[in-house]
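Work through the exercises below with the sequence and the model side by side. Each task is followed by a worked solution.

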Amino acid sequence: MIAVNGFFIAGAVVCALALLVAVIATAIRKHPDDWALIGAVATELFLVAYGIAAAIRQVGGNVVQGDPVEFWGYFITALIMPPVAFFWAISEKSRWSNAVLAASAAVTFVMLFRMEQIWQQ
């Protein structure tokens, strides 16, 4: 179990909104629209802020309780996913591009949850 903090709540909200918009876009649109793409951008911006805050926390003495290599590995992987989904969506204009954006948001949330677990082990 993890202790809920502000960054986790913010990340959960960003990922949930990105997921919701992408799922709705998958259901009603044949191509990704700006709103679905904005979800991927918002997720990426959140992850950048999360990474900066994690580095500051670690330097400030609030170190990762679990394996730091595992934490940063999850972080780097999560950081790569939204841009890949974004570029997939703008290069392949199909309904499935929206599904890729939705999957990216869902997997990013799971990875954020796991990063918080690793931090607090």
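**Exercise 1.** Which residues make a nonpolar surface patch of about 670 Å²?

Solution. The model is predicted, so local features need pLDDT of at least 70 and side-chain atom pairs pLDDT 80 or more, while totals for chains, interfaces and linings use all residues. Residues are numbered from 1 along each chain as its sequence is written, and side-chain values use heavy atoms, without hydrogens and water.

Step 1: patch members have over 30% relative accessible area and no salt bridge, and nonpolar side chains (Val, Leu, Ile, Met, Phe, Trp, Tyr) are joined within 5 Å. A salt bridge is a side-chain nitrogen of Lys or Arg within 4 Å of a carboxyl oxygen of Asp or Glu. Areas follow Shrake-Rupley with a 1.4 Å probe.

Step 2: the patch consists of Val4, Ile9, Val13, Leu17, Leu20, Ile24 and Ile28.

Step 3: one of them, Ile9, lies in helix 1 (residues 6-28). Helices are DSSP runs (H or I, at least four residues), numbered from the N terminus.

**Exercise 2.** Classify Ile9 and Ser104 by accessibility.

Solution. Step 1: buried means under 20% relative accessible area, exposed over 50%, and partly exposed in between.

Step 2: Ile9 has 46% relative accessibility and therefore counts as partly exposed.

Step 3: Ser104 belongs to helix 4 (residues 95-120) and is buried because its relative accessible area is 9%.

**Exercise 3.** Which residues does Ser104 contact, leaving aside neighbours within four places in sequence?

Solution. Step 1: a contact is a pair of heavy atoms within 4.5 Å.

Step 2: Ser104 then touches Met81, Pro82 and Ala85.

Methods: Patch = residues over 30% accessible without salt bridge, like charges linked within 9 Å, V, L, I, M, F, W, Y side chains within 5 Å. Helix = DSSP H or I, 4+ residues; strand = E, 2+ residues; numbered from the N terminus. Buried < 20%, exposed > 50% of the residue type's maximum accessible area, 1.4 Å probe, protein only.
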